[in-house]
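Dear colleague,

Please find below the structure that I am handing over to you, with the sequence alongside. My findings follow directly after it.

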Amino acid sequence: MSNFRELLPVPGRTDVDLAEAYAYPLAPDRPWVRANMVASADGGAVGPSGRSRDLSSDPDRRVMGVLRGLCDVVVVGAATARQEGYRPVRPREVWAKLREGRPTTPRIAVVSRSLEIDDELLTTAPEEARTIVFTVADSPAERRAFVAEHADLVVVEGVSVSPGHIVNALSERGLYRVLTEGGPHLLAEFVGAGLLDELCLTVSPHLLGSGSPRIVTGSPGTPGAPEHVSTKSTPVRMAHLLEAEGNLFTRYLRE
Ligand SMILES: NC(=O)c1ccc[n+]([C@@H]2O[C@H](COP(=O)([O-])OP(=O)(O)OC[C@H]3O[C@@H](n4cnc5c(N)ncnc54)[C@H](OP(=O)(O)O)[C@@H]3O)[C@@H](O)[C@H]2O)c1
């Protein structure tokens, strides 16, 4: 098992404690939204298999495991849940200390209009970590009834579930340590709404070329604006930079 080497803020440190390095702010009084994503060195987010796992590695999976152990809820877009085969999170012994006083696993929250979500993700979660589903009022009614029976269903008026709706509903449930694992469409909505507090980005030593989307895509932006023009730039500060097996692990905080 290779060690993580700290490049910033303390260059050369090798005794990095990942749980400490990625700790959420102490006792947050509102949901803190962190994203964890992986990109190739040339900025691609989806590998040839149609998934992000082509870019992942043992150290990346270790970081992902620690981030899941630290959070209260993992929020994903339904396409990611389908493509990456999301299921309820399995408990891990190494999380015992991280999760003291909390359910043994974080909850999964899925955002979906179609409600095309694997049944197992809805029906096999333990009661203390029920899956949460965010959807809109005109999602398919029959499917909505099934989802409501097995999961914690949040139905939002209008055509879209906004990141604001998500954050408010999580706050009402006392779920303050939020981890979103994407995908790029959902992440674009959080960035566009100004509700992303932190980005943990793994830069993986691969080149994917031009066919792969970035970690944010399809940004809502300003109606009528040309798609290639960003409408705003949000400064972020690098909280740390780690390296393991040629992967860079960045942690950016919104200023
Ligand atoms: N590199 C990485 O770190 C990373 C991370 C995650 C995923 N990925 C990859 O990214 C791809 C999937 O990402 P994606 O960007 O295409 O999709 P996504 O963001 O995961 O999911 C999009 C779907 O989420 C639902 N959704 C999103 N915003 C919504 C809103 N405002 N209201 C209601 N529903 C909403 C819709 O679901 P319905 O279709 O059910 O209506 C929509 O089709 C996969 O290939 C995955 O492997 C990469």
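Of the 255 residues in the protein, 45% count as buried, where buried means under 20% relative accessible area, exposed over 50%, and partly exposed in between (1.4 Å probe, protein chains only). The model is a predicted one, in which local features need pLDDT of at least 70 and side-chain atom pairs count only at pLDDT 80 or more, while totals for chains, interfaces and linings use all residues. Residues are numbered from 1 along each chain as its sequence is written, and side-chain values use heavy atoms, with hydrogens and water left out.

Overall architecture

The protein contains 7 helices and 10 strands; these are DSSP runs numbered from the N terminus, helices being H or I of at least four residues and strands E of at least two. Its radius of gyration is 18 Å, close to the 18 Å that the globule rule gives for 255 residues, so the protein is as compact as a globular protein of that length. The radius is taken over C-alpha atoms, and the rule is 2.2 Å times the number of residues to the power 0.38. Along the principal axes, the C-alpha atoms fill a box of roughly 55 × 50 × 35 Å.

Strands S3 and S4

Strand S3 (residues 73–77) is largely enclosed by the rest of the structure, because 5 of its 5 residues are buried. Both of its faces are covered, with Val73, Val75 and Gly77 on one side and Val74 and Val76 on the other. S3 runs parallel to strand S4 (residues 107–111), to which it is joined by 5 bridges; two strands pair if DSSP finds at least two bridges between them. Within this pairing, Val75 stands opposite Ala109, and Val74 has Ile108 as its bridge partner. S3 also pairs with strand S7 (residues 177–180), in the parallel sense and over 3 bridges; here Val73 is partnered by Val178.

S4 is likewise largely enclosed, since 5 of its 5 residues are buried. Arg107, Ala109 and Val111 point one way from this strand, and Ile108 and Val110 the other way. S4 pairs in turn with strand S5 (residues 132–136), in the parallel sense over 3 bridges, and Ala109 stands opposite Ile132 in S5.

Together, S3, helix H3 (residues 78–83) and S4 make a right-handed β-α-β unit. Right-handed means that, with the strands pointing away from the viewer, the path from the first strand over the helix to the second runs clockwise. The loop between H3 and S4 holds Arg102, which is buried with a relative accessible area of 16%. The side chain of Arg102 reaches the backbone oxygen of Gly69 at 3.4 Å.

The ligand

There are 26 residues around the ligand, of which Thr80, Glu84, Ser112, Ser114 and His185 come nearest; a residue is counted if one of its heavy atoms lies within 4 Å.

- Arg82, through a polar side-chain atom at 2.9 Å.
- Glu84, through a polar side-chain atom at 2.4 Å.
- Ser112, through a side-chain N or O atom at 2.7 Å.

Taken alone, the ligand exposes 930 Å², of which the protein buries 87%. Accessible areas come from the Shrake-Rupley method with a 1.4 Å probe; for residues, only the protein chains shown count as cover.

Most residues other than glycine have a negative phi, and most peptide bonds are trans. The following places depart from that pattern.

A cis peptide bond joins Leu8 and Pro9, with omega about 0°; Pro9 is found in the loop between strand S1 (5–8) and helix H1 (18–21). Gly182 and Gly183 are also joined by a cis peptide bond, again with omega about 0°, and Gly183 lies in the loop between S7 and helix H7 (184–192).

Leu115 has a positive phi of about 60° although it is not a glycine. Leu115 lies in the loop between S4 and helix H4 (119–123) and is buried, with a relative accessible area of 1%. Glu245 also has a positive phi, near 50°. This residue lies in the loop between strand S9 (236–244) and strand S10 (247–254) and is partly exposed, with a relative accessible area of 47%.

Yours sincerely

Definitions and conventions: Polar contact = N/O pair within 3.5 Å; in protein donor to acceptor, adjacent residues only side chain to side chain.
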